[in-house]
Amino acid sequence: GKSEQCFGREATERNRELVMGKEVRLVPDAENRDKYGRLLRYVWVGDMFVDLALVREGYARVLAIPPNVLHATEFKVAEREARKGKRGLWQTCK
């Protein structure tokens, strides 16, 4: 029943490009799972921080929910730069 978010397909495809077929490292923050039972992890491929790359390129918005805010500042800076540069969803979505 949920409608797809603006730029959702593009973000899914970009995420696949970054991680598919590669060895990923999953790094926890303060909590293991969110209130819905979903595993909370940051994703790394080698020395590339996939989560940050997606935000920086405009494929993701920042949602920092305490206490899981280890990288919140980095994400906010990257989102601000993506928005300013009209990258990804910031060019397409209202």
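This is a predicted model: local features need pLDDT of at least 70, side-chain atom pairs count only at pLDDT 80 or more; totals for chains, interfaces and linings use all residues.
Residues are numbered from 1 along each chain as its sequence is written, and side-chain values use heavy atoms, with hydrogens and water left out.Helix 3, which comprises residues 72-84, has 13 residues and reaches 18 Å from its first C-alpha to its last, close to the 18 Å expected at 1.5 Å a residue; the expected span is 1.5 Å times one less than the number of residues. Helices (H or I, at least four residues) and strands (E, at least two) are DSSP runs numbered from the N terminus. Within helix 3, Ala72, Phe75, Ala78, Glu79 and Ala82 are buried. These residues lie on the same side of helix 3 because they cover an arc of only 130° around the axis, the arc being that of the directions from the helix axis to the C-beta atoms. The elements that cover them include strand 2 (42-45), strand 3 (48-49), helix 2 (50-56) and helix 4 (89-92), with contact taken as heavy atoms within 4.5 Å. Helix 3 is followed by lysine 86, whose phi is positive, near 50°.

Three strands form an open sheet in the order 1-2-3, with antiparallel pairing; two strands pair if DSSP finds at least two bridges between them. Strand 1 (25-27) and strand 3 are the edge strands, each pairing on one side only. Strand 2 and strand 3 run antiparallel and are joined by two bridges, and valine 45 has methionine 48 of strand 3 as its bridge partner.

Technical notes: Buried means under 20% relative accessible area, exposed over 50%, partly exposed in between (1.4 Å probe, protein chains only).
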